[in-house]
Amino acid sequence: MDVIIEILKELHPDVDYETNTSLVDDRIIDSFDIISIVAEIDDRLDVQIPAEEIIPDNFNSAAALAALVKKLEDED
Amino acid sequence: MLFVSYEFIAFTILLFVLYYLLPKKCQWPLLLIASYVFYWIANPYYLIFIGTTTISAFAAGVLMDKAQGRADLAIKAAKEDGSYTSDLKKALKAKAKSSKWKILLVSMLFNLGILAVTKYTNFVITNINKFLEDGAALKAVDLIIPMGISFYTFQTVGYLIDTYRGTVKAERNPFKLALFVSFFPQLVQGPISRYGDLSKTLYGEHKFTEKTFTYGLVRILWGYFKKVVIADRIITAVTALIGDTETYTGAYVFIAMFFYAFELYCDFTGGIDITIGIAQCLGITVTENFNLPYFSKNIKEYWNRWHITMGSWFTDYIFYPLSVDKNMLRLSKWSREHLGKFWGKRLTVYLSAFIVWLATGVWHGAAWNFIVWGLMNFAVIMISQELDPLYLRFHKKFKVKDKAGYGVFEIIRTIFLMSLIRMFDCYRDVPMTFRMVGTMFTRFRLSTFTDGSLLQLGLGSSDYIVLAAGLLIILSVSIYKYRSKKDIRDRLYDTPWIWYGAMSFLLIITLLFGAYGHGYDATQFIYNQF
């Protein structure tokens with residue numbers, strides 16, 4: 001979770017990622033940000049997020065993203 | 001059969017009557033018949049194309065589902081007989097994925113191949129001929145381009161990818177899938193619906209309710225008003241301005257730019273209003289394709305509000321898969337290590353965006369002007385992305401971000417920029433577009449607006465009054481939605497006399513001020529050609 005918040009903070013430092021649950025819906029992060037997040041997660045956590053998992057629900061909050069990463073790690 | 005024709009209106013009314021009179025289980029089969037009749041009237045040969053696409057997508061969907069089903073069964077069986085291991089599960093899933101991928105690839109290439117051959121053969125021939133001697137020149141081929149092929153092919157490919165990903169189950173009834181591919185209101189110009197969304201209401205049994213039906217009716221009338229009163233009126237001036245590039249330079253190009261922006265908006269959103277309105281009358285929910293695009297404060301926001309279903313199609317099915325592809329991630333890693341932080345973060349994102357905008361340009365048409373149009377969008381988005389930190393600093397320092405005046409400035413700036421890029425679509429000739437836009441800065445005469453020149457473009461002063469009043473009505477409704485985030489119909493519906501009064505008003509002004517008769521022709525929608 002810490003690494004994910006760190007990645008998100010690098011993109012938009014002013015956002016409170018502990019509480020925000022509508023990052024995509026409120027357009028705080030856009031498609032370019034999402035690709036940067038996917039690349040950083042691949043780089044730092046060695047977890048590959050497939051295209052079919054790139055849906056708003058998985059990127060709307062740091063917690064949802066952490067849950068996705070955990071799910072993908074468990075599947076691996 | 002044009003949307004703007006008595007035949008189409010009669011066709012739709014007859015459909016509404018039958019739809020609610022026949023037993024409810026006949027509703028979706030009736031829609032399938034109506035859709036095929038609609039397509040058959042346009043050209044019987046079109047049915048071969050749409051039929052082929054449907055059959056191939058049906059077969060591919062079922063085969064992919066079966067491949068997945070086999071893997072799921074094998075995993076279940078292994079769990080029951082105690083031979084289950086996580087490695088076995090992984091192996092079975094990988095095998096299913098590989099089979100599904102092969103089926104997806106073949107079906108996608110087949111359908112996109114049909115699109116490519118019908119739409120792009122002559123573009124390729126023309127460009128090859130530029131390099132050949134006159135005697136060796138290839139002859140253009142006479143090919144049928146089925147109406148709405150780009151729309152239904154993309155919709156079908158979306159269905160195939162969703163089935164591959166497992167986000168939807170394959171449709172097991174070929175006739176239901178045929179309806180999804182051919183649903184007539186959206187055949188002409190979209191929206192590009194997703195199977196997961198449209199199928200929720202497309203095959204259901206719908207009871208007639210006054211509210212849903214009249215909501216749909218108002219939406220249809222709103223669409224006709226925009227199309228017939230505004231777009232089909234202003235097109236006269238746009239055609240004149242674009243048609244004579246010798247006379248209409250300088251300020252005329254500026255006028256053409258905004259007239260075309262107004263025309264395209266009313267034409268495309270009007271057409272989509274008719275589509276969504278017809279669907280709503282039938283109790284079917286079609287995804288919105290616009291969300292006040294001319295209220296966008298930057299180009300990225302504009303593309304989130306204009307032709308939404310096309311933008312999201314390219315994002316979900318091309319941009320994301322391309323960006324998270326193994327090779328792309330490897331390139332991303334390499335660029336971080338070798339090119340530094342700046343390029344490391346940007347290279348793959350920009351590369352994917354470049355490919356997506358190139359594809360968006362090509363999707364719009366087989367011509368260089370569309371390709372340049374796509375790449376201009378790419379360039380502007382990239383530049384504004386890079387300038388973003390600068391904007392943020394500016395906004396922080398001058399605290400203008402929340403001021404209404406600055407918001408209006410941002411909106412006007414975006415409209416101007418998007419209209420400027422759209423000039424490639426207007427003149428349909430890349431060097432000509434650059435030349436004409438250039439004259440806007442070198443030969444601009446302010447007197448063009450006041451010396452009566454505007455009355456020489458095929459529109460009289462009464463036409464300008466109608467256009468101004470139309471703009472005012474559209475603007476008022478849009479500002480209401482922008483501010484309240486509500487559908488104006490929700491407010492009007494509560495008071496019956498206002499509701500039916502608004503409906504009658506729309507009907508009357510469309511009938512009275514529609515651009516028909518005295519030399520006008522009802523025209524096909526601009527997006528129909530894509």
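Hi everyone. In helix H4 of chain A, the buried residues are Ala62(A), Leu65(A) and Leu68(A). Looking down the axis of H4(A), those buried residues sit within an arc of 120°, so they line one face of the helix. Before I go on, please keep in mind that this is a predicted model.

Let me stay with that helix for a moment. What do the buried residues of H4(A) pack against? They pack against helix H1 (2-11) and H3 of chain A. On the face turned away from the buried side, H4(A) carries the exposed residues Lys70(A) and Asp74(A). H4(A) runs over residues 62-75, which is 14 residues, and at 1.5 Å a residue it should span 20 Å; the end C-alpha atoms are 20 Å apart, which agrees.

Now, confidence in chain A. Its mean pLDDT is 90, and 99% of its residues reach 70 or more. Among the elements of chain A, helix H3 (residues 56-59) has the highest mean pLDDT, 92, and helix H2 (residues 31-45) has the lowest, 89.

Asp46(A) has a phi near 55°, which is positive in a residue other than glycine. Most residues other than glycine have a negative phi. Where is Asp46(A) placed? You will find Asp46(A) in the loop between H2 and H3 of chain A. Asp46(A) is exposed, because it has 9 other C-beta atoms within 10 Å and the cut-off for exposed is 12 or fewer.

Let's cross over to chain B, beginning with the place where the two chains meet. Here 17 residues of chain B are in contact with 15 residues of chain A. On the chain B side, helix H11 (308-323) and helix H12 (326-364) each supply at least two residues. The largest share of that side comes from H12(B), with seven residues. By class, the chain B side that touches chain A divides into six nonpolar, seven polar and four charged residues.

Next, the layout of chain B itself. The domain assignment gives domain 1 (6-207), domain 2 (209-286 + 429-530) and domain 3 (308-428). Taken over C-alpha atoms, the centres of domain 1 and domain 3 of chain B are 29 Å apart. Between these two domains, 12 residues of domain 1 are in contact with seven residues of domain 3. Helix H4 (86-129) and helix H5 (149-165) of chain B each give at least two residues to the side of domain 1 that touches domain 3. That side of domain 1 is made up of six nonpolar, five polar and one charged residues.

Inside chain B, have a look at helix H6, residues 174-182. Which residues of H6(B) are buried? They are Leu177(B), Ala178(B), Leu179(B), Phe180(B), Val181(B) and Ser182(B). The cover over these buried residues includes helix H2 (27-42), helix H3 (46-81), H5 and helix H7 (195-202) of chain B.

The peptide bond from Gly190(B) to Pro191(B) is cis, with omega near 0°. For context, most peptide bonds are trans.

Setting aside neighbours within four places in sequence, Ile272(B) is in contact with Pro191(B), Asn289(B) and Phe290(B). Is Ile272(B) buried or exposed? Ile272(B) is buried, with 28 other C-beta atoms within 10 Å.

My last stop is the loop between helix H9 (251-281) and helix H10 (299-305) of chain B, where we find Ile284(B). Ile284(B) counts as buried because it has 23 C-beta neighbours inside 10 Å. Apart from neighbours within four places in sequence, Ile284(B) is in contact with Thr201(B), Leu202(B) and Ala279(B). Leu292(B) also lies in the loop between H9 and H10. Leu292(B) counts as partly exposed, with 15 C-beta neighbours inside 10 Å. Its phi is positive, about 45°, although Leu292(B) is not a glycine.

Definitions and conventions:
Residues are numbered from 1 along each chain as its sequence is written. Chains are lettered from A and ligands numbered from 1 in the order in which they are written. This is a predicted model: local features need pLDDT of at least 70, side-chain atom pairs count only at pLDDT 80 or more; totals for chains, interfaces and linings use all residues. Domain bounds come from an automatic or database domain assignment. Helices (H or I, at least four residues) and strands (E, at least two) are DSSP runs, numbered from the N terminus. Ala, Val, Leu, Ile, Met, Phe, Trp, Tyr, Cys and Pro count as nonpolar, Asp, Glu, Lys and Arg as charged, and the others, Gly among them, as polar. A residue is buried if 20 or more other C-beta atoms lie within 10 Å of its own, exposed if 12 or fewer, and partly exposed in between; C-beta atoms are placed from the backbone. pLDDT is the predictor's confidence in each residue, from 0 to 100. The expected span of a helix is 1.5 Å times one less than its number of residues. The arc is that of the directions from the helix axis to the C-beta atoms.
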